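Here is a short report on one protein and its ligand. Look over the sequence and the structure first.

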Amino acid sequence: MFLCARYVGQQLERNPHMIGEDIEKDSGFEHRPVLDVADVAKLEQAIAAGGTSLAELMERAGNAIADEVQAQLAGPAPVVVLCGSGNNGGDGWVCARALAQAGWPVTLVTPRPAEALTAEPAHSAALKALAAAQTNQLPLTVLVAPNAEQLKLGLNEAHCIVDAILGTGFSGTEVREPYATWIKLANQRHESASSRKPAEDAGAVCLVAADVPSGMSAQTGLAAQPCIHADATVTMIVYKPGLVEPEAARWTGSMKLAPLVNSIGRYSDAL
Ligand SMILES: NC(=O)C1=CN([C@@H]2O[C@H](COP(=O)(O)OP(=O)(O)OC[C@H]3O[C@@H](n4cnc5c(N)ncnc54)[C@H](O)[C@@H]3O)[C@@H](O)[C@H]2O)[C@H](O)CC1
Ligand SMILES: [K+]
C-alpha cells in the first residue's frame with residue numbers, strides 16, 4: 001500500500017459518513033495509516049494544491065466531529081464546543097455550526113471573538129458560523145473568554161463536550177492558560193457525570209476530541225499537564241504516531257479516522 005510511513009494493525013471503527021477509501025482490510029483487521037505530524041502538514045498542502053482547499057478540509061473535519069457527537073447521543077441535546085484559537089479550534093467552529101443547523105443547542109467557547117482569530121482557515125470558518133447563526137437564527141451561543149464559574153455553568157448543562165482546543169500545533173509539557181482550566185473543568189464535568197449511580201444519572205456526558213486530545217502530543221503520544229480524557233477521538237486524514245502508541249488510548253478513548261479525501265495515495269509525491 002501507498003504513502004503511509006507505517007501501519008499498525010488494530011481494530012478500527014469508522015463513521016459511514018466520513019469520506020475516504022484508503023483503509024486496507026485484512027482478516028477483520030484494518031491497517032491504520034500513520035504519518036508524522038510534519039508530513040501531515042505537507043499532505044494537507046498537496047491536497048489543497050490538488051483542488052480541495054484547506055477551508056474545505058476543515059469543513060469536512062468539523063462535520064465528521066458533528067457526526068460523531070450525533071452518534072454518541074440519542075437526539076438533540078446541549079453541547080459545549082471548546083475552541084482554541086488555532087485551526088483545531090476552526091474544526092470546532094464548523095462542528096458547532098453543523099450541530100446548530102441540525103437543531104442541537106450549542107454553546108461555543110472561544111478565547112477571542114471570531115474577528116480577532118488570526119489562523120486561517122479557522123478565522124473564516126468562525127465568521128461563517130456566526131453569519132449562519134445570525135441569518136438562520138440557529139441555537140448557537142458564543143462565550144468569549146469566560147471565567148471559570150461561567151464555564152462551569154455552561155459545562156454543567158452539556159450532554160456532550162467537544163474538545164477542539166489544541167491539535168497538531170500543541171507542544172510542551174504544560175498547557176498554558178486559559179486552556180489548562182478549560183481542560184480541567186471539561187474532565188471534571190465528564191468524570192463526575194460518568195461516576196453517578198444509575199438512579200441519580202441525568203445522562204452520561206460524552207467527550208469527543210477533534211484530531212487529538214488537547215494536551216497530548218500527536219507526534220509522541222506523551223500527555224502534558226493537564227490532558228483531555230476523551231471517550232472518542234476523531235482524527236483527520238491519517239493517524240499521527242502518538243495516537244497509536246499503546247498508552248495513548250487512556251486519553252483518546254476510541255479512535256476514529258475521518259480521511260476527508262479519497263485516495264490520499266495520489267499525494268504521496270509530496271512526502
Ligand atoms: N491545516 C488545515 O487547513 C487543517 C487543519 N486542521 C486542524 O488544524 C489542526 C492544526 O492546527 P494549527 O493551527 O496548526 O494548530 P493547533 O490549533 O493545534 O494549535 C495552535 C495553537 O496552540 C497553541 N499552543 C501550542 N502549545 C501550547 C501550550 N503548551 N499551551 C497552550 N497553547 C499552546 C499555539 O499558541 C497556537 O495558538 C489540526 O490538528 C486539525 O485539527 C483540519 O482538521 C484540516 C484542515
Ligand atoms: K483537540
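## Ground rules

Helices (H or I, at least four residues) and strands (E, at least two) are DSSP runs, numbered from the N terminus. Asn88 lies in helix α3.

This is a predicted model: local features need pLDDT of at least 70, side-chain atom pairs count only at pLDDT 80 or more, and totals for chains, interfaces and linings use all residues. Residues are numbered from 1 along each chain as its sequence is written, chains are lettered from A and ligands numbered from 1 in the order in which they are written, and side-chain values use heavy atoms, without hydrogens or water.

## Around ligand 1

The shell around ligand 1 has nine nonpolar, eight polar and five charged residues. Here Ala, Val, Leu, Ile, Met, Phe, Trp, Tyr, Cys and Pro count as nonpolar, Asp, Glu, Lys and Arg as charged, and the others, Gly among them, as polar. Helices α2 (54–72) and α3 (87–101) each supply at least two residues of this shell.

## Polar contacts

A polar contact here pairs N or O atoms within 3.5 Å. The side chain of Asp91 has an N or O atom 2.7 Å from an oxygen atom of ligand 1. For Asn87, a backbone N or O atom lies 2.9 Å from an oxygen atom of the ligand. For Arg176, a backbone N or O atom lies 3.0 Å from a nitrogen atom of ligand 1.

## Annotated site

The unreviewed UniProt entry annotates Asn88, Asp163 and Ser214 as "binding site"; such annotations may be inferred rather than shown by experiment. They span 127 residues in sequence, yet no two of their C-alpha atoms are more than 9.5 Å apart, so they gather at one spot.

Terms used: A polar contact is a pair of N or O atoms within 3.5 Å; within protein, one must be able to donate a hydrogen and the other to accept it, and residues adjacent in sequence count only if both atoms are side-chain atoms.
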